[in-house]
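Please open the structure in a viewer and keep the sequence at hand.

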Amino acid sequence: EIVMWAVLLIMVVTYLFSIIFLQGVSIYISEASFGDPFVPDLMEFFGSLQMAILTLFMSISGGVSWWDVVKPLMAIHTLYVVLFVAFVVVMLLAAMNIITGIFVNDALEVAQWDKDFVEMKDKERTKEILSSLRKLFEEADLNQSGKITSREFQTFMNRGDVRAILSTLGLEVPDAEGFFKMLDVDHSGEIEIDEFVVGCLRFRGTANAVTTESAMQRM
């Protein structure tokens, strides 16, 4: 959108400058003496509004030499030379801003895409972890009561495959009994699925925190 407005501004500025040059050239030609050497060039570059616009466009795009355009304008008045130089400077700055805007806009879009992609991957990873934790809880709940006792939990945690799965989820449990007490937030002596899942998510990737808090639970 910013680029669109910049292009529109360039078109408007070019149109306004074309009218200014066209008026000056028209007055000069109408008052010029027969055989004036600058009239043919002025007619070629500024003979009509369309040609004036095209001449200015070619001046900033390399289609025509600046000197070829400036030389006949000098015959009219130095002011038109100043206006021509001002036009070129303004257009070059505008072009630079457009190019910068395009690159910045593309960079922002790529950054946003990367952010969205990372967030999507994080959500997918979280869903996978939640699913794995629910399956572990159901497997540990031997009597399908919806709760895990301390004995069930410790027996379950002594299995090497269970520790391996938890390790892949970023959860290291050096002390099963202490970890059970950490998960049992209501101190009921049993942990429900919500306590298990939320607790495991809380201590993911924090093996030291698990060890420290387990020790505190024993005190």
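Select D175 first, at the start of helix α8: a side-chain oxygen of D175 reaches to within 3.3 Å of the backbone nitrogen of E177. This pair is a polar contact (N or O atoms within 3.5 Å, of which, within protein, one must be able to donate a hydrogen and the other to accept it; residues adjacent in sequence count only if both atoms are side-chain atoms). Helices (H or I, at least four residues) and strands (E, at least two) are DSSP runs, numbered from the N terminus.

The model is a predicted one, in which local features need pLDDT of at least 70 and side-chain atom pairs count only at pLDDT 80 or more, while totals for chains, interfaces and linings use all residues. Residues are numbered from 1 along each chain as its sequence is written, and side-chain values use heavy atoms, with hydrogens and water left out.

Now extend the selection to the whole of α8, residues 176-183. Is this helix enclosed or open? Because 6 of its 8 residues are buried, α8 is largely enclosed by the rest of the structure. The buried residues are A176, G178, F179, F180, M182 and L183. Here buried means under 20% relative accessible area, exposed over 50%, and partly exposed in between (1.4 Å probe, protein chains only).

Next, select H187, in the loop between α8 and β2 (190-192). H187 is not a glycine, yet has a positive phi of about 55°. Most residues other than glycine have a negative phi. H187 counts as exposed, at 64% relative accessibility.

Move on to E195, in helix α9 (residues 193-202). E195 is buried but has no salt bridge, and K147, the nearest side chain of opposite charge, is 8.1 Å away. A salt bridge is a side-chain nitrogen of Lys or Arg within 4 Å of a carboxyl oxygen of Asp or Glu; Lys and Arg count as positive and Asp and Glu as negative, whereas His and the chain ends are not counted. The side chain of E195 does reach the backbone nitrogen of V185, at 3.4 Å. Apart from neighbours within four places in sequence, E195 is in contact (heavy atoms within 4.5 Å) with L183, D184, V185, D186 and E190.

Then select Q144, in the loop between α5 (78-140) and β1 (147-149). Q144 also has a positive phi of about 55° and is not a glycine. With a relative accessible area of 59%, Q144 is exposed.

Colour the annotated spans next. Residues 7-29 are 100% helix, with end C-alpha atoms 32 Å apart. Residues 49-67 are 79% helix, and their end C-alpha atoms lie 20 Å apart. For residues 128-163, the span is 69% helix and 8% strand.

Finally, colour by pLDDT, the predictor's confidence in each residue from 0 to 100. Where is confidence lowest, and where is it highest? The lowest mean, 44, belongs to helix α10 (residues 207-218), and the highest, 92, to helix α2 (residues 39-46). Over residues 207-219 pLDDT stays under 50. For the protein, the mean is 82, and 89% of residues reach 70 or more.
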